[in-house]
Amino acid sequence: MSHRVLIVEDDTNQRLLYEEELRDEGYEILNAGDGREALRIAAQTKPSAVVLDINMPGMDGIDTLSQLLESHPEVPVIINTAYPGYQDSFTTWSADAYIVKSSDLAELKATLHRLLNKA
Amino acid sequence: MDETTFSASNDDTSNDTPQTAPSPVEAYARPSAVHFAPTIGRGQAARGKESALQQTLVMVLAGGQGERLYPLTKDRAKPAVPFGAVYRIIDFALSNCLNSGLRRILVLTQYKSLSLQRHIQETWGLFNPTLGEYVDVIPPQQRNVKRWYQGTADAIFQNIYMLEQERPRWVVILGGDHIYKMDYGKMLQFHIENNADLTVSCTKVPVAEATRLGVAGADETNRITSFVEKPKNPPTIPGDPEHSYASMGLYIFSTDMLVRRVIEDVKQDTEHDFGKNIIPKMVRGGDRVFAYPFVDENQNESGELYWRDIGTISSYYEANMDLVSKSPLFNLYDDEWPIRRRSQPGPPTKTISYEPDRPVVATDSLLSTGSIISGATVERCIVGPRCYIHSWAHVSDSILFDDVEIGRNCRIRRAIIDKHVKIPAGTVIGYDPIEDRKRFTVSEDGIVVISKSMILK
């Protein structure tokens with residue numbers, strides 16, 4: 001069974017890049033442009049994992065993370081942000097991984113693989 | 001979004017091309033240790049170089065329902081239940097904080113918090129905000145969840161934002177419903193010396209008693225090796241096979257560890273309870289969890305450790321009545337460990353006798369401000385503020401809260417009378433268990449409780 005990954009990212013180009021690369025990994029992809037959309041999608045179609053940007057217009061990644069923890073505590077979340085500084089924030093500690101954005105997606109892919117094949 | 005490089009910790013410009021030295025203003029405004037989201041700051045700068053105590057936040061869990069103390073908890077949270085005539089139960093824990101030098105305190109409330117909130121506002125406003133000191137009462141905010149507190153650990157989880165703002169290095173977690181005197185600073189020192197993730201304060205109890213408590217099994221270094229609730233065969237203290245370490249529900253956590261463990265726990269289907277879930281799991285997982293042997297600051301003749309869980313009407317009654325004994329186990333008269341309370345204005349206690357037929361007899365009792373005892377007999381009683389006891393009444397072995405009026409010729413014994421109750425002349429309470437049970441709540445051992453504002457004809 002293929003895993004379903006929800007990508008939450010406001011930058012369209014980046015989202016397309018992730019979508020393409022992760023689809024090549026064999027994942028089914030769901031897309032959301034901000035936190036509210038992500039929660040709506042997650043409520044309809046339960047994802048296997050979430051890749052979550054933090055700085056987004058509308059609901060940001062930190063609020064989204066809290067709400068996901070409430071509605072889908074069992075779904076692993078990977079924070080994927082350009083800012084290492086958020087790692088100090090306790091509210092990001094409920095994420096299963098914290099990845100600083102890079103043009104090389106190897107870490108993101110490896111982390112997804114690890115989290116989805118843990119169970 | 002165009003994410004340019006920005007980071008809160010990115011204040012190091014030394015490797016860049018030579019620049020003019022930063023102005024003193026800039027150096028001041030951007031200290032190298034700036035935390036993420038230094039939101040309200042709480043006068044951190046005003047605290048100066050911080051001691052371990054100053055880097056410690058206290059979280060008082062005051063959200064329990066106190067069902068077993070009903071009806072004293074009918075209109076108030078358990079920590080707000082009056083104790084010893086002029087105190088509330090929470091005053092003991094807060095006095096311990098103050099006497100220990102801990103001045104940053106959050107009281108987490110949930111049920112019936114109005115009385116507690118008012119009490120804290122009126123009594124504990126003595127902290128100085130300019131020095132970064134405060135006692136704040138926090139009801140559930142539903143910041144990150146849509147539920148009430150599901151357990152002690154969940155209460156902390158729901159207040160992670162507060163920890164985020166404060167950034168303490170250590171967190172003291174305690175219940176607001178125990179009577180004891182303790183220097184939390186000594187426990188903090190113990191925690192730091194052991195490089196502990198978690199320290200659990202434990203009192204020594206006989207093995208037989210430990211079967212109904214949370215018990216810590218420890219090695220010779222006091223590191224906890226097992227933690228069980230209500231064990232059939234309680235682990236004993238090394239070198240002392242007669243006693244066990246019972247958890248006092250009082251913990252010191254290193255903050256990072258606390259945050260990690262409550263987040264882990266909230267993702268699991270547990271009772272979200274420190275004693276039942278978090279501590280056993282930490283012990284099993286190899287975290288550094290230590291038992292701190294309770295050091296009692298209470299000075300009494302017996303030398304017995306004093307720590308009371310006021311869980312039931314009976315234990316509440318006994319702990320109160322200790323105070324009227326000749327030499328109470330719990331010492332309210334010790335200048336070195338004062339217990340603060342709400343100071344209420346009012347005239348001194350007055351006694352009126354009408355010789356020779358109506359003398360006042362008041363023996364072995366605590367009498368509070370504004371009370372009047374008029375031609376009545378009061379024996380072994382705790383009489384709260386502004387009570388009025390009328391002629392020929394005989395009141396013994398009883399606890400009267402504020403503003404209780406006892407009519408003429410009443411005979412009352414072994415009763416707890418809550419606030420604002422007027423007992424009509426000639427009423428008899430505590431002499432006929434069957435009659436008492438028809439009208440009032442009566443504990444198993446026969447203590448009659450008359451609830452707040454009850455109207456009797």
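**Close-up 1. The side chain of B:N96 and its surroundings.** The side chain of B:N96 reaches the backbone oxygen of B:Y180 at 3.1 Å, and it also makes a polar contact with the side chain of B:Y184 at 3.4 Å. A polar contact here is a pair of N or O atoms within 3.5 Å, where, within protein, one must be able to donate a hydrogen and the other to accept it, and where residues adjacent in sequence count only if both atoms are side-chain atoms. This is a predicted model, in which local features need pLDDT of at least 70 and side-chain atom pairs count only at pLDDT 80 or more, while totals for chains, interfaces and linings use all residues. Residues are numbered from 1 along each chain as its sequence is written, chains are lettered from A in the order in which they are written, and side-chain values use heavy atoms, with hydrogens and water left out.

**Close-up 2. B:N96 within chain B.** B:N96 lies in helix 2 of chain B, residues 90-100, a helix being a DSSP run (H or I) of at least four residues, numbered from the N terminus. B:N96 is buried, with a relative accessible area of 0%, where buried means under 20% relative accessible area (1.4 Å probe, protein chains only). Leaving aside neighbours within four places in sequence, B:N96 is in contact (heavy atoms within 4.5 Å) with B:Y180, B:K181, B:M182, B:Y184 and B:W337. Between B:N96 and B:P338 there are 242 residues in sequence, yet their C-alpha atoms are 8.7 Å apart in space.

**Close-up 3. Cysteines of chain B.** B:C97 is buried at a relative accessible area of 0%, and B:C410 is buried with a value of 0%.

**Close-up 4. Where chain B touches chain A.** The contact takes 21 residues from chain B and 23 residues from chain A. Two salt bridges are counted between these chains, and in one of them the side chains of B:R147 and A:E70 meet at 2.7 Å, N to O; a salt bridge is a side-chain nitrogen of Lys or Arg within 4 Å of a carboxyl oxygen of Asp or Glu. Helix 5 (160-166) and helix 8 (255-266) of chain B each supply at least two residues of the side that touches chain A, and the largest share, six residues, comes from helix 8.

Conventions: Buried < 20%, exposed > 50% of the residue type's maximum accessible area, 1.4 Å probe, protein only.
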